[in-house]
Amino acid sequence: MAVGSDGHQLSCNVTSTSCPLSGLHCGQNYSFSVSASDGSCVSPASTGYRLVSAPCVPYNVTGRVDCISNSAWVSWQQVLGTDSYTVMAVGVDGMNSSCSTSNTTCNVPNLGCGNSYTFQVTASNKQCQSPASDVLQMETVPCSISSIMASYGCNSSSIQVVWGPTTGRRLYVATAQGNDFSTLSCNSTNSSCNLTNVKCGTQYSIIVAPSSNICSTLRSQTYTISTTPCTPVGIGVVNCSSNTAVLSWLASPNAVQYFGMAVGSDGHQLSYNVTSTSCQLSGLHCGQNYSFSVSASDGSCVSPASTGYTLVAAPCSPLNIITQLFCGNNTLLVGWDSSVAQLSYTTSARTGQDAAVTCSTQGTSCRLDNLRCGQKYNVTVTASRGDCSSASSSAVTVQTAPCIPQNIFGKLDCNSNSLIASWDLAVGARTYLTSLVGPGMYSGLCSTANMSCTFSGLQCASQYRLSVASSDGICNSSYSSTVLLNSAPCEPQNVVTVLRCGADAATISWDASIGASRYTVLSQNKGQQTSYQTSNTSFDLSQLTPSDVYNISVLADDGTCNSTSRNSAILKTVPVPPSISAVNFDCVSKSASVSWTLVPNAVGYLINATSSGGHRVSCSSSTNSCVLTGLQCSQIYSVFATALGSQCSRSPGNSMNVTTAPCTPVGVGGVVNCSSNTAVLSWLTSPNAVQYFGMAVGSDGHQLSCNVTSTSCQLSGLHCGQNYSFSVSASDGSCVSPASTGYRLVAAPCSPLNIITQLFCGNNTILVGWDSSVAQLSYTASARTGQDAAVTCSTQGTSCRLDNLRCGQKYNVTVTSSRGDCSSASSSAVTVQTAPCIPQNIFGKLDCSANSLIASWDLAVGARTYLTSLVGPGMYSGLCSTANMSCTFSGLQCASQYRLSVASSDGICNSSYSSTVLLNSAPCEPQNVVTVLRCGADAATISWDASIGASRYTVLSQNKGQQTSYQTSNTSFDLSQLTPSDVYNISVLADDGTCNSTSRNSAILKTVPVPPSITAVNFDCVSKNASVSWTLVNNAVGYLINATSSGGHRVSCSSSTNSCILTGLQCSQIYSVFATALGSQCSSSPGNSMNVTTAPCTPVGVGGVVNCSSNTAVLSWLVSSNAVQYFGMAVGSDGHQLSCNVTSTSCQLSGLHCGQNYSFSVSASDGSCVSPASTGYRLVAGTLFSVQCLTADLFYLGSAPRKSRVFLLTANVE
């Protein structure tokens, strides 16, 4: 698209990258733009590119002939788009002339007299020329005086005009019209006169005519002469990018050549010789003030030089650029040496295709902010004064701090309760530092060159904060945004099962688990497992099978992970009812033995017997039989069995009847027939009795009996004088009841019968009972064992209590009766086993490695089995039943106190529990073992969390197969005399004076690396860098190389390998290079140093003198440090080259070409490297002239020197 300044529009549509546009309006300023299209979308138009179309054709051309100058003045209308106009005049005789101007009037000079000319005007701009205008035709004035000439001396103020032929003494007037329309005149009656007050740079058209007849046919032809060009006037401007000066001046009329000179404030000179009104001077010395002058020449004369015009060259590029990077915010502080005052400086940092980051200042340092992380920037500085800027300084490369890692992700391994952290690659990063912070001062750090890291040993149901930073070995980035992560929930504790009696169901309960949102209850029975889920801390299991066993475990679930280990509980359901297999009544003991079938899950059995009269007795047993005692006589008992579960009992099973022995007859009375020594006894009927036995027992033991089916009988044969006790027993055909209480007649009392005993297990007391024989008797019960004294009790009743019996003994119990001093014989002995003794010497031995307890005790008299109880924290309650004298408890909690006690049992009675023994389990293992190096001390501090139950700690240090242990009561320990570049495996054990903790939490300690040894430092003459290599050392994560010059200049480089490149080295310096190894916590001291010498600096102070007679040049310069040789070079403007090679600071160059402008430069060498050449110092060789004598005039025959300012021409005239 093209849009003209008059609104005219043109367009084109092409598939190539160019197109023609026809029909432009003349003299218009067009804006051109281009848009691109892919067939669907069109891009925005490009920024308008501007061009001016060809100028319009000039019109209204008019003119007049100037009789005096024999020139023509041509005028026209101004047209658009024009920079200048040209008028062309063509005579019929083939002669032509022209003039150019930027105005609309122009004077066409040098027209021949008496000729006809056609005039046409064309317009031009920078791009095009218009077609010629319409033709204008004019005739010049007639010719006059046939001979006229004028002479002018350079820089003279007058022109001598000579003419001829003349006629008589006529007054002739010479008139000169300058091209500036000024006029001069002189008159004479002779053939010459002088025109005075001529102007410089003016072309005069001179005619001679008789007075008052200027345009008559008598006038002479026009004679044109030019005066010395005027001193040029103009301006100049410095091109700062190339440090060149572009000078321009107003055209000095008549000038065909211009000579100029530029002199800098440092003496530097530049000269020029041009034919145009501008020139470009290259090679200005930066920062110098230059004075410029111009002289104009018309080929014969040279004008005086113009007054010096002053310009300032572009500022010098800043030197000695230094940088300091602030890693935290990627800000770069840049400094440099100031060249001159009142300069502005701009610092620029570039990387890739990004826009430069800049800062500006009038000082010698500034700060670059907002640099992109992880980028390599080239930093340059330019100086400026106003709109003029220096070339950029040498670039300094700076690596910014690495970027903060992004997309931090943590993946939890539920099984191991560990965390795998990962992240995206961070630009500029070499290594990453991962931080995981959790509860209990948990702080995990992981340094890696990979993009993932694993943290183990996480605490259950805890929130952890994960963040990652990156490092390039010099700078660390900030840590990333924190990612919050939750570990797996804790496993449920204190799983308890409670049966719901009578419902075939149970309630499972447990402590709430931190971090859990729900729970899974696992029920395992006969190889089948069923799971249930709940958000509560209890769950009801139903439809349980009686006499069955279920293994119950509970898992905690947070929606992502289950807890790993399972705390389980055994659930035994209510036993099924047992079936009574037999009930046998014992007539002697008056008890009934009952037996039944055993059922699973029963911990005991309860047997109940209920008589038809409502009397109830019971017995219990953990086996399949027991004895019912306390049965009432003459009763029919219904016997049934109930199985006792650990929590619930089932309803009774089948029942079976048993009939007890008849009751002892009562209402016994009698009458003794003393004379017949007979006694007639009578009694009341005893239920169920079918037979009665009467007995008379004399005090002397004489017995009489009777056997009847009625309720009376007669006993004959009593011993007289004896007190007889008469008794009656009833029989049901199977059993005989105890004899009735003796009915006493005068007879010795009978021995007590039916001794019964009841042992009270808790205090080993026996209650002894018997049947009374006669009234008013006293009774004594006696218990004996071995050779011990008998334990007795006395009473007038039918029972008494025997106290303080020894435990675990078998006693024979007897009873005697008495009346006054008359006592019966002892009753039949009844054997009674007392409760077993309480176990003594309870001892608990802790197995430290397994954290288990072995309980032991002495043999308890009378014991068959033992019941051991261990009670600890967290509702821990362990029971162990054994026939041995030891028991083992496992799974003890570390650093906890347990209470141990033991009871004994003989199957019937249990002893009381022994005195409690207090025992402490092994201390808990120390957690969070951390190693911190003490930099510079070959030492490290080992620290850990305090361990519950520990009174001291043992620190184990393992290195190269050797282990050393240290003890301390603190939670930290200092290890000294560590070997550099070594690895130690550190573990800590807790000790309570009895046990050490079992497992070992360990940490790896890497000591500070040994100083690396530099193996080579090589300087590269081309890149001006030094490559450094060194030996790798153990435990180093990177290396820092520092180099310090003898002048204090410092540079550095870093690497994770064994080499790096030192850049930014200054010339002519000896650098001392040393290496430091960077450890994960500490860095080594610097290793050995090695020197490297940089290339010599470019010589400065270069100057010289040309010996014109011999055309030789002597160069000199200042010493360049470390240089042993210098190379000089001279290059002439004709390409001629000369060189010298010296060890001093001067040399002579012979054979210069005369008249040539030579550029001299010097390089320095240290024998290995050569410095860049100095900036060309310019001198001009001598000029050759030749002198000839021709009519006393002196002509210059030599080549015209281009930039000579002063020429000395000597002529010796013979």
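This is a predicted model: local features need pLDDT of at least 70, side-chain atom pairs count only at pLDDT 80 or more; totals for chains, interfaces and linings use all residues.
Me: How many disulfides does a search of the whole structure find?

Reply: A disulfide is a pair of cysteine sulfur atoms within 2.5 Å. Searching the whole structure turns up 29 disulfides. One of them joins Cys446 and Cys453, with the sulfur atoms 1.4 Å apart.

Me: Is the link of Cys446 and Cys453 right-handed or left-handed?

Reply: Look at the angle about the S-S bond. For Cys446 and Cys453 that's 55 degrees, and the link is right-handed. Cys446 and Cys453 are also both buried.

Me: What about the torsion for Cys501 and Cys648?

Reply: There the torsion is about -80 degrees, so this disulfide is left-handed. The sulfur atoms of Cys501 and Cys648 sit 1.6 Å apart. Cys501 is in the loop between strand 41 (496–500) and strand 42 (505–509), while Cys648 is in the loop between strand 53 (636–644) and strand 54 (655–659), so the pair ties together parts 147 residues apart in sequence.

Me: Which distant parts of the chain does the pair Cys935 and Cys1082 link?

Reply: Cys935 is in the loop between strand 77 (930–934) and strand 78 (939–943), and Cys1082 is in the loop between strand 89 (1070–1078) and strand 90 (1089–1093), 147 residues apart. That link is left-handed, at -80 degrees about the S-S bond.

Me: Why does Cys1082 count as buried?

Reply: Buried means under 20% relative accessible area. Cys1082 has 3%, so it's buried.

Key
Residues are numbered from 1 along each chain as its sequence is written. Side-chain values use heavy atoms; hydrogens and water are left out. Buried means under 20% relative accessible area, exposed over 50%, partly exposed in between (1.4 Å probe, protein chains only). Helices (H or I, at least four residues) and strands (E, at least two) are DSSP runs, numbered from the N terminus.
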